[in-house]
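Thanks for sending this one over.

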Amino acid sequence: MMNSFVKWALILFVLVSIILNIVLIGIHTSKAPKCSTQRVHPLKRKHDERSLVFADLSRQEYLQVQQFMLKQKDLDISTNQITKPWGNFLFLIDLSLPKKADALAYLDGKSAKPDREATVVVFHGAKGCVKEYVVGPLPNPTYHRDVTMERYNMELPITARTVTIGEYDLLFKYVGEVFSELGKLMKESFDVDQNKKVNAFEQMPRGIRSEDRKTWISYFRDMSGMYIHPVGFELLINHKSVNASEWKVERLLYNGQYFDTVDELKEKYDTGSIKKIVYKETPDYGSLKPRRKPLQIGPQLFNAEGKRYSISNNHVLYLDWSFAFGLSSVTGLRVFDVRFKSDRIIYELSVQEAMSVYGSVTPGMILTKFLDASIGIGRFAHELVRGVDCPHEATYVDTHRYIDVSVPVRYRNSICVFEHNMGQPLRRHFADFFSNSYGGMVNSALVFRTITAIGNYDYMWDFIFYQSGSVEAKVHATGYISSSYLVDGSLKYGHQVAENVLGNIHTHFINFKVDLDVLGVNNFFQTKDMEYVNVSLPWMPDHYAMVPQLVEKQLKTEQEAALRYDTKTPRYLHIASNKTNRWGHHRSYRLQVFSFTGDHLPESQAEERAMSWARYKVAITKHKDLEQFSSSLYNQNNIWNPAVDFSKYIKDNENIEDEDLVAWVTTGFLHIPHSEDIPNTVTVGNGGGVLLRPHNYFDEDPSIHSADSVYIDPGSEDSCENNRMACLAQETCSPVLEPFTYNGFDGVMKFEDWV
């Protein structure tokens, strides 16, 4: 019996082993192979190291410039990271762009590489002024030159400077002393003591006239999404003097009531002669932690045949496209020397400014007009989260910056690049009348992206390159709304979004610089539109019909071509060349603006000149190297006498016929906050942009030559000859994924780190 049992046990073991092996083999054979990491589609051209003329400064270059400036004894620059306002502080180092003519001559092989230079901003607290210097040549600088007057035609007062970490350090210490004087109020109204705090958010501009530096500071609970937890307490601090001992509190707002001094508020609070705020716990409605446990991952993008783009240094190749890129600490994302099929289409496409004007009944918002370049747009481009901010399989690029620091800071993965299926065909047609066929093409495009978290708002900046020869620049806003404490009269300026919380109405205006070079730098500005005309029918002369007719105009001066938002503008706007296509039409690129902006600040307001670019949907100017930006680092804090008043670019009314032209495009949206902005504003519907489209530039749609095209006719439904989709199932593979990493919190300064 034992031998029989052993025999049957062995037979059973063999059968189980055979079955298990069959199952494992089946599982293994059905599992898709890993996709090749090798490129299947060869590059159409080679990388060009001449793109480095636009490259951001390297860490080594930042250090070389810093050390050179620190050695200049006449400048007496402090080496302390947290330099106080009375010191001389090296605030910013950034690339100084070469003159356009020099850069083009170099890019086109007609001259040597222009000197590489840096712009350096020094806050001379001891002298009471701000200076800009050009330092060069890099990598081994030998000179520095004061270019402040050359660039701005004015001296910059020290009050025009950005508030630095050093000044914030002193401000928060000063406020701490105020809070200690109001200990009872702070505890009973806001639960503030030695272990608990409230967080600050500032009103800008800082005052009501030139050279003011008076800031209303609003306070918010120390909770997730602090911006939507106002407590009802605001301070007006005069910190104009570089000597902090001369700072003072000029006004206070508590629960909608104003007080001239800290002592007055304290006395009236202690005697019970004012309406008090009584602290109570608040729900954590600002948290972005998932309310439900994440159980699955949504659709993911991957490149079945490898990436069809390549990045080398700051140069990108994608199918027929190539471009150089950079990220300015001040203005943010920018690309240069954008070419399609080797033709330069765009010399520069860049973010210039992001501006918001707020409405409120309380002082922390009532005068607020944020100009983000004055804080630094690119400064706040932190690490992008793989699979959320950009597709998991995107290529991520590190950047380095030097702004309000003692050493250059590396920001890992702060730019991403990926090819993306835009979710709809680029073109298609199904023929079903006299014959049957289908022709179409997937809309795959290259996305070049960064996201900047500037205080409460996160702006997602995209430059998108389409196979049709179009380029799109667009922005989406998300993050937290700014809010104020609900008091009598508040509901005229927004909606209530939580208990005692008003979401304040505000505008978003975004300015892009679009330096198109259409077949060279000699271009003109053309508009096209339609009008109905009453025409006699050729075969029935006595019968008339209203028929749409093409209307074309050429605008010949800068003032003619400054197209204001408060007037009707032609629907087609073109930068055109005198050269024609096969059919005799001027080859051009069209500017198609997508915008939902609110009304611009009236020009009667003193602050308007600092944001005068927002008057215009599109403004065309003659290119000048000294008209490089539409705003400046100093416009926020000297808003009444701005370093850059864009309207002056137009005031001289230069000829723009057969000239090198620049388009300044303004887009954006009006935001009336609502309950669905809690906890966060979503990107859907909150944005704007401009599409640069070829218009008679080519003889036909260039995407017809794309390998992504699909064609099907009867009998060829299963053929892969003109339809790679037919064989996709046979070629399907699984992606080789990079591991998820995130280092975005590394090196981020918090207030606790300053003191």
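1. Ground rules. This is a predicted model, where local features need pLDDT of at least 70, side-chain atom pairs count only at pLDDT 80 or more, and totals for chains, interfaces and linings use all residues. Residues are numbered from 1 along each chain as its sequence is written, and side-chain values use heavy atoms, with hydrogens and water left out.

2. Domains. The assignment for the protein chain lists domain 1 (49-157), domain 2 (165-287) and domain 3 (314-335 + 379-482 + 521-709); such bounds come from an automatic or database domain assignment. Between domain 2 and domain 3, the C-alpha centres are 41 Å apart. Their contact draws on 19 residues from domain 2 and 14 residues from domain 3, contact meaning heavy atoms within 4.5 Å.

3. Strands here are DSSP E runs of at least two residues, helices are H or I runs of at least four, and both are numbered from the N terminus; two strands pair if DSSP finds at least two bridges between them.

4. A pairing to look at. β8 and β9 are joined by 6 bridges in the antiparallel sense. Which residue in β9 is the bridge partner of glutamate 234? That is leucine 253.

5. Inside α7. Val262, Leu265 and Tyr269 are buried in this helix (residues 262-270); buried means under 20% relative accessible area, exposed over 50%, partly exposed in between, using a 1.4 Å probe and protein chains only. Down the axis of α7, its buried residues fall within an arc of 70°, so they line one face of the helix. The arc is taken from the directions from the helix axis to the C-beta atoms. Their cover includes α5 (165-181), α6 (183-190), β8 (230-238), β9 (248-254) and β10 (257-259). Glycine 272 follows α7, with a positive phi near 70°.

6. Helix α3. In α3 (residues 100-107), the buried residues are Lys100, Ala103, Leu104, Tyr106 and Leu107. Their arc around the axis is only 160°, which puts them on the same side of α3. They pack against β14 (332-340), β15 (343-357) and β25 (506-516). After α3 comes glycine 109, whose phi is positive, near 75°.

7. Cysteines. There is 1 disulfide in the structure, the cut-off being cysteine sulfur atoms within 2.5 Å. Cysteine 390 and cysteine 416 form it, with S to S at 2.1 Å. Cysteine 390 is in the loop between β16 (369-371) and β17 (395-403), and cysteine 416 in strand β18 (residues 409-431), so the pair ties together parts 26 residues apart in sequence. The S-S torsion of cysteine 390 and cysteine 416 is about -80°, so the disulfide is left-handed. Buried or exposed? Cysteine 390 is buried at 3% relative accessibility, cysteine 416 is buried at 0%, and cysteine 129 is buried at 13%.
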